[in-house]
Amino acid sequence: MTVPGRFFDVRPCRTRPAEEPYRSWVRFSYGPSRDVVKTGLERIAALIRESR
């Protein structure tokens, strides 16, 4: 599972700058088993290779 980076720019006052510093980042969830994470990363790598 991935989460857009803007969701882990935690600020206590709940305000964010107009230009979000983590907008191009992605957070990976490692809750699933290692095999599921490995398969997901392999699929992402294939997608990147195919898009070039």
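Student: Is phenylalanine 28 buried, partly exposed or exposed?

Tutor: In this predicted model, phenylalanine 28 counts as partly exposed, at 34% relative accessibility, where buried means under 20% relative accessible area, exposed over 50%, and partly exposed in between (1.4 Å probe, protein chains only). Phenylalanine 28 is found in strand S2.

Student: And which nonpolar patch residues are there?

Tutor: Val26, Phe28, Tyr30, Leu41, Ile44 and Ile48 make a nonpolar surface patch of about 540 Å², and the elements giving two or more residues to that patch are strand S2 (26–28) and H1. H1 gives the most, with three residues. Patch residues have over 30% relative accessible area and no salt bridge, with nonpolar side chains (Val, Leu, Ile, Met, Phe, Trp, Tyr) joined within 5 Å and like charges within 9 Å; the areas come from the Shrake-Rupley method with a 1.4 Å probe, and for residues only the protein chains shown count as cover.

Student: What order do the elements run in?

Tutor: From the N terminus on, they run β-β-α, where helices (H or I, at least four residues) and strands (E, at least two) are DSSP runs, numbered from the N terminus.

Student: Switching topic, how many salt bridges turn up?

Tutor: A search of the whole structure finds one, in which the side chains of glutamate 42 and lysine 38 meet at 3.9 Å, N to O; a salt bridge is a side-chain nitrogen of Lys or Arg within 4 Å of a carboxyl oxygen of Asp or Glu.

Student: Where do glutamate 42 and lysine 38 lie?

Tutor: Both lie in helix H1, four residues apart, about one turn of the helix, and glutamate 42 is partly exposed, with a relative accessible area of 44%.

Student: Which element has the lowest mean pLDDT?

Tutor: Strand S1 (residues 2–4) has the lowest at 65, while helix H1 (residues 34–51) has the highest at 92; pLDDT is the predictor's confidence in each residue, from 0 to 100. For the protein, the mean pLDDT is 77, and 56% of residues reach 70 or more. Where pLDDT is low, the predicted coordinates should not be read in detail.

Student: What are the ground rules here?

Tutor: Local features need pLDDT of at least 70 and side-chain atom pairs count only at pLDDT 80 or more, while totals for chains, interfaces and linings use all residues. Residues are numbered from 1 along each chain as its sequence is written, and side-chain values use heavy atoms, with hydrogens and water left out.
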